[in-house]
Amino acid sequence: MAESEATPVVPSSELLEWPKKDKRRFLHAVYRVGDLDRTIKFYTEGFGMKLLRKRDIPEEKYSNAFLGFGPEESQFVVELTYNYGVDKYDIGTGFGHFAIATPDVYKFVENARAKGGNVSREPGPVKGGSSIIAFVKDPDGYAFEIIQRASTPEPLCQVMLRVGDLDRSINFYEKALGMKMLRKIDRPEQKYTLAMMGYADEYETTVLELTYNYGVTEYTKGNAYAQVAISTEDVYKSGEVVNHVTQELGGKITRQAGPVPGIGTKIVALLDPDGWKTVLVDNEDFLKELK
Ligand SMILES: C[C@@H](O)C(=O)SC[C@H](NC(=O)CC[C@H](N)C(=O)O)C(=O)NCC(=O)O
């Protein structure tokens with residue numbers, strides 16, 4: 001039989017259910033900054049984050065710093081990348097913001113402002129809703145939405161990305177990555193719809209906030225924001241699912257499951273239909289990295 005006529009391998013329903021059964025959580029968001037010490041100073045003093053760890057990879061000419069509100073073993077954190085000699089990046093129009101939940105947005109914003117933060121939106125109710133929010137930009141221009149919540153186990157609570165077709169994206173994140181659509185909000189007066197995608201309660205853990213602006217199907221990506229990393233208990237099984245479904249859902253695999261040369265941590269990487277990257281990271285390898 002000619003290769004093109006071969007019967008396609010049909011994945012078992014058990015395999016396709018795996019992403020929903022896997023124990024997954026958002027580990028970190030990776031993005032590039034122009035001055036690592038400047039961002040560390042601002043995030044620690046202005047936002048109250050902790051510097052969790054740093055590493056320098058001179059042979060690859062970059063350094064990383066991990067910061068967050070709690071330990072990486074249990075909380076979503078940011079992974080900053082500094083590429084030697086590069087002090088400026090283009091954030092593009094597609095990346096939206098990271099969000100920080102806090103019991104007092106007004107107090108939080110005053111402190112961030114006093115430490116040099118650029119308050120691009122003063123605290124007050126969100127247009128079309130009732131949550132108290134504000135926006136603060138960091139030294140590289142990344143936006144942080146500050147959201148009022150009485151308490152939260154995971155203060156770094158959202159990564160917002162703009163997408164060109166919300167249903168296509170929801171389908172992708174459900175089937176390829178096993179997320180649930182936790183909440184959908186349509187604000188016709190503001191001409192946008194949001195979908196909160198994640199693995200557990202939106203108010204307990206970090207979620208991906210997908211934003212569709214009516215009629216806007218394309219955005220620029222720039223070169224600043226890189227990806228989110230998500231844990232998996234079995235990177236090869238996750239890789240098999242991704243191989244079966246990614247293309248038909250409009251995504252693309254950028255790295256097959258396997259160890260990262262030089263580091264050894266096993267990952268599989270894919271792009272969603274808008275080109276946003278997610279890396280699934282073997283949980284055991286990730287925990288080893290932290291030791
Ligand atoms: C949790 C949720 O309710 C929000 O906080 S939404 C925040 C809101 N988002 C948008 O407007 C998204 C659409 C926008 N055109 C975009 O692409 O960013 C927001 O930012 N509101 C601004 C305000 O001043 O209220």
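Predicted model: local features only at pLDDT ≥ 70, side-chain atom pairs only at ≥ 80, totals over all residues.
1. Residues are numbered from 1 along each chain as its sequence is written.

2. Glu79 is found in strand 4. Strands (E, at least two residues) and helices (H or I, at least four) are DSSP runs, numbered from the N terminus. Leaving aside neighbours within four places in sequence, Glu79 is in contact with His28, Ala29, Val30, Asn64 and Phe66; contact means that the C-beta atoms of two residues, placed from the backbone, lie within 7 Å.

3. Val77 also deserves a look. Strand 4 covers residues 77–83, and Val77 lies in it. Val77 is buried, because 24 other C-beta atoms lie within 10 Å. Not counting residues up to four places away in sequence, Val77 touches His28, Leu52, Phe66, Leu67, Gly68, Glu72 and Leu156. Leu52 is 25 residues from Val77 along the chain, and their C-alpha atoms are separated by 9.0 Å.

4. Now to the annotations. In an unreviewed UniProt entry, "binding site" covers Glu79, His97 and Glu145. UniProt positions are given in the numbering used here, feature names are shortened, and annotations may be inferred rather than shown by experiment. His97 sits in strand 5 (residues 95–102). His97 is partly exposed, because 19 other C-beta atoms lie within 10 Å. Glu145 is among the residues that His97 touches, as are Phe135, Ala143, Phe144 and Met160, not counting residues up to four places away in sequence.

5. The unreviewed UniProt entry also places "domain: VOC" at residues 25–149 and 155–283. Residues 25–149 are 17% helix and 46% strand, with end C-alpha atoms 21 Å apart. For residues 155–283 the content is 17% helix and 44% strand, and the end C-alpha atoms are 22 Å apart.

6. Finally, please look at helix 4 (residues 166–175), where Ser169, Phe172, Tyr173 and Lys175 are buried. The buried residues of this helix pack against strand 11 (192–198), strand 12 (207–213) and helix 5 (235–245).

Methods
Buried ≥ 20, exposed ≤ 12 C-beta atoms within 10 Å, placed from the backbone.
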